Amino acid sequence: MPSKIQLSKDDLRKNKPSRDEYLSKSKIPLVVVLDNVTNSYNIGSFIRLADAFGIEKVIVCGALTISDKKFKKASRNEAKWVRVEYSDSTTASLQTLLDAGYGIYSVELCQASVDYSQIAYPSSCVLVLGNERKGVSEAALALSHQHIHIPMFGMGNSLNVATAGAIVLAECANQIRKLPQS
């Protein structure tokens with residue numbers, strides 16, 4: 001009987017730490033700040049992404065109107081493996097991260113934004129992603145070291161916030177992992 005091409009769940013688990021080991025394992029110093037992102041599916045998607053890339057935490061800022069059912073479906077229970085914080089104020093959260101020495105990068109098409117793939121991300125980094133309709137707030141943009149965007153080659157001007165986040169998060173996390181660890 002031929003073996004299956006796809007890996008089974010047991011095959012996937014072989015290279016994973018135990019659940020207790022994972023919880024105590026240090027994460028890369030990368031934080032995602034969601035600036036008034038309100039869609040439960042998008043927030044849940046970012047929690048899945050945070051787990052996939054082993055990042056420090058996700059900070060959900062603004063008024064929360066999260067449907068627990070949609071949130072759980074989108075995050076697929078990865079929320080138990082990810083540090084999630086809630087904040088009333090994006091700017092207060094960003095100021096705390098700035099004071100701690102993080103570089104702040106807002107994903108928003110702006111007058112002086114730069115292609116996300118042309119950035120050399122610092123070892124301690126924050127990615128700010130904005131509201132599904134309004135984008136990153138002006139106040140958050142003002143606190144950012146750099147505004148970054150994903151080049152669009154079709155007729156559309158933007159991507160879903162979780163899709164955009166996945167693209168930029170992959171680049172940023174991969175760069176940080178390649179930096180010498182202090």
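Contact, on this tour, means heavy atoms within 4.5 Å. The model on your screen is predicted, so local features need pLDDT of at least 70, side-chain atom pairs count only at pLDDT 80 or more, and totals for chains, interfaces and linings use all residues. Residues are numbered from 1 along each chain as its sequence is written, and side-chain values use heavy atoms, with hydrogens and water left out.

**Stop 1: Tyrosine 121.** Select Y121 and show what surrounds it. Leaving aside neighbours within four places in sequence, Y121 is in contact with Y105, Y116, L127, I148, V168, E171, C172, Q175 and L179.

**Stop 2: The whole chain.** Now zoom out and colour by secondary structure. Starting at the N terminus, their order is α-α-β-α-β-α-β-α-β-β-β-α-β-α. Of the contacts with a separation of 6 or more, 82% join residues 24 or more positions apart. The chain has 182 residues, and 41% of them are buried, meaning under 20% relative accessible area with a 1.4 Å probe, protein chains only.

**Stop 3: The cores.** Select L30, L34, Y121, L127 and I148: they have the most contacts inside the largest nonpolar core, which has 33 residues. Such a core is a set of buried Ala, Val, Leu, Ile, Met, Phe, Trp, Tyr and Cys residues joined through side-chain atoms within 4.5 Å. Elements giving two or more residues to this core include β1 (28–35), α3 (40–53) and α7 (161–178). The most comes from α7, with eight residues. For a second, separate core of 13 residues, pick out V33, I104, V126 and L141, which are among its members.

**Stop 4: Glycine 62.** Next, go to G62, in the loop between β2 and α4 (68–75). Is G62 buried or exposed? G62 counts as buried because its relative accessibility is 14%. Beyond neighbours within four places in sequence, G62 is in contact with N36, S87 and D88.

Notes
Helix = DSSP H or I, 4+ residues; strand = E, 2+ residues; numbered from the N terminus. Buried < 20%, exposed > 50% of the residue type's maximum accessible area, 1.4 Å probe, protein only.
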